[in-house]
Amino acid sequence: MEDYPQSPVPPHARRGFLSTAVILLGFTFFSATMWGGGAIGVAFPFWPDLIAVILLGNLLLAGYVAALAYVSQKSGLNTALMGRYCFGRIGSRWPDLVLGFTQVGWYAWGTATIAILFTGLLDLGDEWRAPLMVLFGVTFCWTAFIGYRGLERLSLVSVPLMCLLIVVSLAIATRDAGGVAGILSIAPTTTMSVGEAVTIVVGTFIAGGTQATNWTRFADTPRTAVGAAVLAFLLGNGLMVLVGAYGALIYGESDIVQVLAMQGLLIGGAVMLFLNIWTTQDNTIYNVSVAGCDLLRTNRRRLITLGGAGLGTVLALLGMYDWLVPYMTMLGTIIPPLGGIILADFAVVHRGRYPPLEEADLCAVRWTGVVAYVAASVVAICSPGIPPLNGIVAAFLLYGAGNWIEARRHPSADCR
């Protein structure tokens, strides 16, 4: 009932492709991703420039998440538990804090967003915002409290419905633009480098992708885990970016809810908004509960789910809605190096097979991982190009090199 927060997922609890894919698709169907698409949609000609940027960014994102999905499926472990191998028993509590706090922030932002947008869509007064934030903050954690089964059942209903609404909206938008020829004739209104645009696309979900292991660990085969990750983070996230870009190009509006309202589909917009945010919010607070269980070394995931949702709701009431841009920048910098270190630890240090967690001789703090993480984060902040990708590559290389150096200096040491 607690979804194995402190142990590998056993064989009898593994799930197939449909189950894994719909949860990940529900996770990546998120309004903030569409706003990122809107930012790049007005900076490039639709074909081939904009499509190439969206494809490149999501290929990088999907490749990274697919690699982590493979590791999690083989080990049955989530990101927080895999962190013990590369950061140590005590050292792994630092990434737990990073992963948990960033996801609490996303939960707060999503809760504030839907309350603010609903008051606008329904023409309610500002005094309704705080009560709606409390209502949605409680509602969104319900399926996460149930666990994997709750996330799966909501996504099985909501993902097909959201896909249908998006297809209808794109068809109407194409008609309003004068067909494909009209879309191709729209000129960019701003300028942006390809590197900046790809950074936005990758940054939309690389923090969430680092924690997609919380669900891919349930996959029954590596093919299921990798395939579901690619479907969600290449096609699903790519679709969200494209929808945002499409709306910005044609209507000057990247939010699918507002676009649906302009198209005379206000009820559909309200349904889309609610399902769009709920299927991400419950996954987000589930991430918080898993990281919190590892931080506190407890199996009481449901209790931590409620605590995380409460904290997120308080942050929403304090104005988290206004902090999105700096928050996304921070996430794109400090989260990706964790994934790079985990991949290096699994592939280079453990050669594709972790020892059982309960039998592993783990040190208190694995300084090689800590130093590599800090250095890779600095690289991500200071280097040109695509910061999230730079952080992943730097973490992988620095951690691998650090372990090689320590192995030559101390061949018999278990902790490096």
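This chat goes through helix packing, cavities and backbone geometry in a predicted model.

User: What kind of model is it, and how are residues numbered?
Analyst: It is a predicted model, where local features need pLDDT of at least 70, side-chain atom pairs count only at pLDDT 80 or more, and totals for chains, interfaces and linings use all residues. Residues are numbered from 1 along each chain as its sequence is written, and side-chain values use heavy atoms, with hydrogens and water left out.

User: OK, at what angle do α5 and α6 pack?
Analyst: At about 130°, with the axes 9 Å apart; α5 is residues 93-121 and α6 is residues 129-139. Axes are lines fitted to C-alpha atoms, for helices over the stretch in contact, and angles run from 0 to 180 degrees between N-to-C directions. Helices are DSSP runs (H or I, at least four residues), numbered from the N terminus.

User: What does that make them to each other?
Analyst: The two helices, α5 and α6, are therefore oblique to each other. Angles under 35 degrees count as roughly parallel, over 145 as roughly antiparallel, 65 to 115 as roughly perpendicular, and the rest as oblique.

User: Is the α5 and α6 crossing left-handed or right-handed?
Analyst: Right-handed. A crossing gets that name if the near helix is turned clockwise from the far one by less than a right angle, and left-handed if anticlockwise.

User: Which residues make the contact?
Analyst: From α5, they include Tyr107, Thr111 and Phe118, and from α6, they include Arg129, Leu132 and Phe136. Contact means heavy atoms within 4.5 Å. By class, this contact of α5 with α6 has nine nonpolar, three polar and one charged residues. Ala, Val, Leu, Ile, Met, Phe, Trp, Tyr, Cys and Pro count as nonpolar, Asp, Glu, Lys and Arg as charged, and the others, Gly among them, as polar.

User: And how does α5 pack with α16?
Analyst: The angle is about 55° and the axes are 8 Å apart, with α16 covering residues 301-317. That makes α5 oblique to α16. The crossing is right-handed. Among the contact residues are Val104 and Ala108 of α5 and Gly308 and Leu311 of α16. The contact has eight nonpolar, four polar and no charged residues.

User: What about α4 and α18?
Analyst: The axes of α4 (residues 79-87) and α18 (residues 336-349) come within 9 Å and cross at roughly 65°. That makes α4 roughly perpendicular to α18. Their crossing is left-handed.

User: New topic. How many cavities are there of 30 Å³ or more?
Analyst: Three, from a search of the whole structure. On a 1 Å grid over the protein atoms alone, a cavity is a set of points where a 1.4 Å probe fits but cannot get out, and lining residues have an atom within 4 Å of a point. The largest cavity has a volume of about 110 Å³; a volume is the space filled by probe spheres set on the points, which are joined across faces, edges and corners.

User: What lines the largest one?
Analyst: It is lined by 14 residues, and Gln103, Trp106, Thr204, Phe205 and Gly208 lie nearest its centre. The lining divides into seven nonpolar, seven polar and no charged residues.

User: Where is there a cis peptide bond?
Analyst: Between Trp47 and Pro48, with omega about 0°. Pro48 is in helix α3 (residues 46-75). Most peptide bonds are trans.

User: Which residue has a positive phi although it is not a glycine?
Analyst: Tyr4, at about 55°. Tyr4 lies in the segment before α1 (17-28).

Technical notes: On a 1 Å grid over the protein atoms alone, a cavity is a set of points where a 1.4 Å probe fits but cannot get out, and a pocket is an open set with protein on both sides within 12 Å along at least five of seven lines; lining residues have an atom within 4 Å of a point.
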